[in-house]
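Hi everyone, thanks for coming. I'd like to walk you through one structure today, so let me put it on the screen before I start.

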Amino acid sequence: MSGMRPTGRLHIGHLVGVLTQWVEFAKGDEVFFEVADLHALTTAYERTGALRVNVRETVLDWLAAGVDPARATMYVQSHVPEISELHLLLSMIVPISWLQRVPTFKDQIGALGAEVATYGFLGYPLMQLCDIAIMRADTVPVGKDQLSHLELGREIVRRFNFLYGPTLVEPQATLSEFPDVPGTDGRKMSKSYDNHIEIADDEAATTKKVRAMVTDPLKVRRHDPGRPEVCPVFALQRIVNTDRVPWIDENCRTGALGCVDCKAELAERLNAFMRPVRERRLAIAPESVDAILEDGAAKARAVARGTLADVKSAMQLP
Ligand code: TRP
């Protein structure tokens, strides 16, 4: 089980770092992928106008990446109200101090200010545990930044099982083995840095962004020797142009290869790499997403109802 907040279109960092792994998981086991709209509300409660569009865009990108609705259950968090009910029940047993010490809570308050310090935002990692536990998920593919949430989630499960008897499954995080994908400015690719290339970008837009990428700052003139290890263009070559990496490495170092040519080759390779994904995205009718999510919610709710019934019975609710 895994999830993403609907923040809009996804970028190639999501594709390479997360979605390819989701597709692999879906080949083997039963999988649940959730659009976490309630999690988005914890910080964007004043800007809800784009939520609906963003849910569709997010799922379109999942489908484009190859997540197969016949194998993977995809659903919107708020369409499975059992998650919210579980959240309320578990909130009774979670000490506030456990939530306050989660690093993302402290960081976000520092970064975004006191208005994100809401009751709902404090409960963010508990809600995430509810997403996971309600599907009885044992494996959760997430990025490094989510490990503290999983750790807290496991503590909550242990506390519940200790108080009421073994009921919930302790989830395990699995880290993606991919390196961070650098954005056009060399920092980690992220929409918030505006250094991203979207899955849905067309080839011209992609080429333009690649042309504007930063390279080794010490390689000023065409024949200056470059240092591939500090160059984000080279980092992307490693992902989409693997065969040519030794040649590029050598010719960058000697100064034989200039950045303009290197970028032109990257743009071409990146567009070729993205072509099947983009073609798939264009072939999907946006309305068809709604039917997939409706079907997904029905399947997810069937599982969720079962878990919630077990939880209530363990708690001896009358
Ligand atoms: N908090 C996750 C993130 O920001 C998104 C998420 C919500 C999630 N619910 C989840 C991830 C359940 C894994 C499992 O990336």
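**A walk through the model**

Let me begin with Gln316, which counts as exposed at 70% relative accessibility. Please keep in mind that this is a predicted model. Gln316 sits in the segment after H14, and although this residue is not a glycine, its phi is positive, at about 55°.

Asp194 also has a positive phi of about 55° without being a glycine. Where does Asp194 lie? You will find Asp194 in the loop between strand S5 (172-175) and helix H10 (203-211). Asp194 is exposed, with a relative accessible area of 61%; the cut-off for exposed is over 50%.

Now let's step back to the overall layout. The protein is divided into domain 1, which is 2-180 + 287-314, and domain 2, which is 201-281. Their C-alpha centres are 35 Å apart. How many residues of each domain are in contact with the other? Eleven residues of domain 1 are in contact with seven residues of domain 2.

The largest nonpolar core has 47 residues. Leu19, Phe33, Val59, Trp62, Val67 and Met74 have the most contacts inside this core. H1, S2, H3, S3, H11, H12, H13 and helix H14 (288-314) each give two or more residues to it. And where does this core lie relative to the two domains? Domain 1 and domain 2 both give residues to this core, so it lies between them.

Leaving aside neighbours within four places in sequence, Trp62 is in contact with Met4, Leu10, Leu19, Trp22, Phe33, Glu34, Val35, Val67 and Met74. There is also a second, separate core of 41 residues, and Val116, Ile132, Ile156 and Phe160 are among its members.

Next, please look at helix H2, residues 37-44. Is this helix mostly covered or mostly open? H2 is mostly covered, with six of its eight residues buried. The buried ones are Asp37, Leu38, His39, Ala40, Thr42 and Ala44. As for what lies over these buried residues, the cover includes strand S2 (31-35), helix H3 (51-65), strand S3 (72-76), helix H4 (81-91), helix H7 (119-122) and helix H8 (124-134).

H2 comes up again when we turn to the pockets. The second largest pocket has a volume of about 400 Å³. It is lined by 17 residues, and His87, Ser91, Tyr119, Gly120 and Gly123 are the closest to its centre. H2, H4, helix H5 (96-100), H7 and H8 each supply at least two residues of this pocket's lining. Which element gives the largest share of the lining of the second largest pocket? H7 does, with four residues. By class, the lining of this pocket has eleven nonpolar residues, six polar and no charged.

The largest cavity has a volume of about 100 Å³. Thirteen residues line it, written 13 on my slide, and Cys231, Val233, Cys252, Cys259 and Cys262 lie nearest its centre. Helix H11 (232-240), helix H12 (245-254) and helix H13 (259-283) each supply at least two residues of that lining. The lining of the largest cavity divides into nine nonpolar, two polar and two charged residues.

The second largest cavity holds about 30 Å³ of space. Which residues line the second largest cavity? They are Ile12, Val16, Val181, Leu236, Ile239, Val240 and Leu270. Helix H1 (12-28) and H11 each supply at least two residues here, and the largest share, three residues, comes from H11. The lining of the second largest cavity has seven nonpolar residues, no polar and no charged ones.

My last stop is Ala256, in the loop between H12 and H13. Ala256 is partly exposed, with a relative accessible area of 42%. Not counting residues up to four places away in sequence, Ala256 touches Arg222 and Asn251. If you'd like a sense of scale, the C-alpha atoms of Ala256 and Gly49 are separated by 51 Å, and these two residues are 207 residues apart along the chain.

That's my tour, and I'm happy to turn the model around for anyone who wants another look.

Methods. Residues numbered from 1 in each chain as written. Predicted model: local features only at pLDDT ≥ 70, side-chain atom pairs only at ≥ 80, totals over all residues. Heavy atoms only, no water. 1 Å grid on protein atoms, 1.4 Å probe; cavity = no way out; pocket = protein on both sides within 12 Å on 5 of 7 lines; lining within 4 Å. Points joined across faces, edges and corners; volume = space filled by probe spheres on them. Nonpolar A, V, L, I, M, F, W, Y, C, P; charged D, E, K, R; others polar. Buried < 20%, exposed > 50% of the residue type's maximum accessible area, 1.4 Å probe, protein only. Contact = heavy atoms within 4.5 Å. Core = buried A, V, L, I, M, F, W, Y, C linked by side-chain atoms within 4.5 Å. Domains from an automatic or database assignment.
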